[in-house]
Amino acid sequence: MNVSSKKEQEKILFDDYVEMYTGEIERQIMEKTPEDGHVYVLYEMSVSKKDGNEVLEPSDFTLSVNGKNYERIMDDYFLLDFRLRPLTHLNVKLGTHVGYILFEIPESERQYPKALLYKNTLIEKE
């Protein structure tokens, strides 16, 4: 597993000009915000599996912050609307998968170091 980037955001924003089927260019603005008093933590990562019998379980990612663990937001298909590909929800057996995993944490926890875990094994720590 390799983490390419990590972002903490109050919202996910898409602001771009899109060509419509009529040929007209239209500005499209979309935003998705977390629950009040929370922020998103978004990791871009790749997962490669070349051999072995162990299967990667996409729901087993957690984010540890200040002694608390937060589960990955599994209902993250809305990321596609923002041109962000969610990391697969399938059990990875072989191959390489690239995408984003998303967490939502309280704003008050934002200041603390974060540790990305998979099945309680450290992947990345600030």
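Visitor: Why is R110 called partly exposed?

Guide: The relative accessibility of R110 is 23%. Buried means under 20% relative accessible area, exposed means over 50%, and partly exposed lies in between, with a 1.4 Å probe and protein chains only. R110 therefore counts as partly exposed. The model is a predicted one, in which local features need pLDDT of at least 70 and side-chain atom pairs count only at pLDDT 80 or more, whereas totals for chains, interfaces and linings use all residues. Residues are numbered from 1 along each chain as its sequence is written, and side-chain values use heavy atoms, with hydrogens and water left out.

Visitor: What makes the contact of R110 and E10 a salt bridge?

Guide: A salt bridge requires a side-chain nitrogen of Lys or Arg within 4 Å of a carboxyl oxygen of Asp or Glu. The N to O distance between the side chains of R110 and E10 is 2.2 Å, and the pair is a salt bridge. R110 lies in the loop between β7 and β8 (114–118), and E10 in the loop between β1 and β2 (12–19), so the pair ties together parts that are 100 residues apart in sequence. E10, at 47% relative accessibility, also counts as partly exposed.

Visitor: Which other salt bridge does R110 form with E107, and at what distance?

Guide: The side chains of R110 and E107 meet at 3.8 Å, N to O, in a salt bridge. E107 counts as partly exposed because its relative accessibility is 37%. Through shared partners, salt bridges join K6, E8, E10, E107, R110, K114 and E126 into one network. The whole structure holds 11 salt bridges.

Visitor: Which parts does the salt bridge of R27 and D15 tie together?

Guide: The side chains of R27 and D15 meet at 2.5 Å, N to O. R27 belongs to strand β3 (residues 25–32) and D15 to strand β2, so the pair ties together parts that are 12 residues apart in sequence. R27 has a relative accessible area of 45% and is partly exposed; D15, with 40%, is partly exposed as well.

Visitor: Why is T88 called buried?

Guide: T88 has 16% relative accessibility and therefore counts as buried. T88 lies in the loop between β6 (68–71) and β7. Leaving aside residues up to four places away in sequence, T88 touches P58, R72 and H97, where contact means heavy atoms within 4.5 Å.

Visitor: How do you know that β1 and β4 pair?

Guide: Two strands pair if DSSP finds at least two bridges between them, and strands are DSSP runs of E with at least two residues, numbered from the N terminus. Seven bridges join β1 to strand β4 (residues 38–49), and the two run antiparallel. K6 stands opposite Y43 in β4. The open sheet of three strands has the order β1-β4-β7, with antiparallel pairing.

Visitor: What makes β1 and β7 edge strands?

Guide: β1 (2–9) and β7 (95–106) each pair on one side only.

Methods
Helices (H or I, at least four residues) and strands (E, at least two) are DSSP runs, numbered from the N terminus.
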